[in-house]
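Visitor: I have a structure open here and would like to go through a few places in it with you. Could we take it residue by residue?

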Amino acid sequence: MNRNIWKILFLVLLSINLIIILTISYKILTAPSYDNFTEKSNQTHTSPIQVVANNETIEHAINEEIDDNMYVNINEEGIIIETGYQVLKLDIPVKISIEPLVNDDKIILQLKDIDVASLSISMDMLYDTLKDHVELGEGMTFSDDSAEIIIDSKVFKDQLEYDVTIDEIDYKNDKWYFSVDGVL
């Protein structure tokens, strides 16, 4: 009887080995080719990544990039650009209140109020003076129809490595919505 147990155990072990060898052989023969894997890895990711930023993040990013004599303050009440000019050795403070809008691939900065040293000067006159004497950067233009500065979103694409689109600006609810493409 002892001999029969060894024979049975040997046959069981042989059967297990045969099942394993047959399973591995089957998996090798039915596995997809390596070419299919390389084709998938060469495909590019086309859907953009959605990003939401808050007012503080946008304020910090803008203030890092602009001149030292200018400061942008963004909160739920509004967006204020503060700067100053020196005229005849006098410091003249300037505050510009804006309302940002998104229209397709353009960002429109509607000028709501411009305060120059608390002087009573009409908005139209100040806007015309800005148009005549301030040179905007590439991709930025003054509107001819109303007191607005129009920014082409391609400016972000040129300055960054990625295609950045501003989808919505909702500073009143502390949210700025972006799409970033070309990351993956």
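Visitor: Is Tyr127 buried or exposed?

Guide: This is a predicted model, and in it Tyr127 has a relative accessible area of 6%, so it counts as buried, since buried means under 20%.

Visitor: Okay, and which helix does Tyr127 lie in?

Guide: Tyr127 lies in helix α4, which covers residues 123-133.

Visitor: Which residues does Tyr127 touch, if we skip those up to four places away in sequence?

Guide: With those set aside, Tyr127 touches Leu111, Phe142, Ser143, Ser146, Ala147 and Glu148. For Ala147, which is 20 residues apart from Tyr127 along the chain, the separation between the two C-alpha atoms is 6.2 Å.

Visitor: And Glu148, what lies 2.8 Å from its backbone oxygen?

Guide: That is a polar atom belonging to the side chain of Tyr127, at 2.8 Å from the backbone oxygen of Glu148.

Visitor: Switching topic: which residues form the nonpolar patch on the surface?

Guide: The patch is formed by Ile8, Val12, Ile16, Ile20, Ile24 and Ile28, and together they have about 560 Å² of accessible area. One of them, Ile16, is found in helix α1, which spans residues 2-30.

Visitor: Now the strands, please. What does β9 pair with?

Guide: Strand β9, residues 175-181, pairs with strand β1, residues 49-53, in the antiparallel sense over five bridges. Strand β8, residues 163-170, also pairs with β9 in the antiparallel sense, there over seven bridges.

Visitor: Which residue in β9 stands opposite Gln50, and which is the bridge partner of Glu168?

Guide: Gln50 stands opposite Ser179, while Glu168 has Tyr177 as its bridge partner in β9.

Visitor: How many residues are between the strands in the hairpin of β8 and β9?

Guide: There are four residues between them, and in this hairpin Asp174 takes a positive phi near 60°.

Visitor: Last one: what is Asn55 in contact with, leaving aside its neighbours within four places in sequence?

Guide: Asp174 comes back here, as Asn55 is in contact with Ile74, Asn75, Glu76, Tyr171, Asp174, Lys175 and Trp176. Asn55 has its place in helix α3, residues 55-65, and with a relative accessible area of 2% it is buried.

Terms used
Residues are numbered from 1 along each chain as its sequence is written. This is a predicted model: local features need pLDDT of at least 70, side-chain atom pairs count only at pLDDT 80 or more; totals for chains, interfaces and linings use all residues. Side-chain values use heavy atoms; hydrogens and water are left out. Helices (H or I, at least four residues) and strands (E, at least two) are DSSP runs, numbered from the N terminus. Buried means under 20% relative accessible area, exposed over 50%, partly exposed in between (1.4 Å probe, protein chains only). Contact means heavy atoms within 4.5 Å. A polar contact is a pair of N or O atoms within 3.5 Å; within protein, one must be able to donate a hydrogen and the other to accept it, and residues adjacent in sequence count only if both atoms are side-chain atoms. Patches are made of residues with over 30% relative accessible area and no salt bridge: like charges are joined within 9 Å, nonpolar side chains (Val, Leu, Ile, Met, Phe, Trp, Tyr) within 5 Å. Accessible areas come from the Shrake-Rupley method with a 1.4 Å probe; for residues, only the protein chains shown count as cover. A salt bridge is a side-chain nitrogen of Lys or Arg within 4 Å of a carboxyl oxygen of Asp or Glu. Two strands pair if DSSP finds at least two bridges between them.
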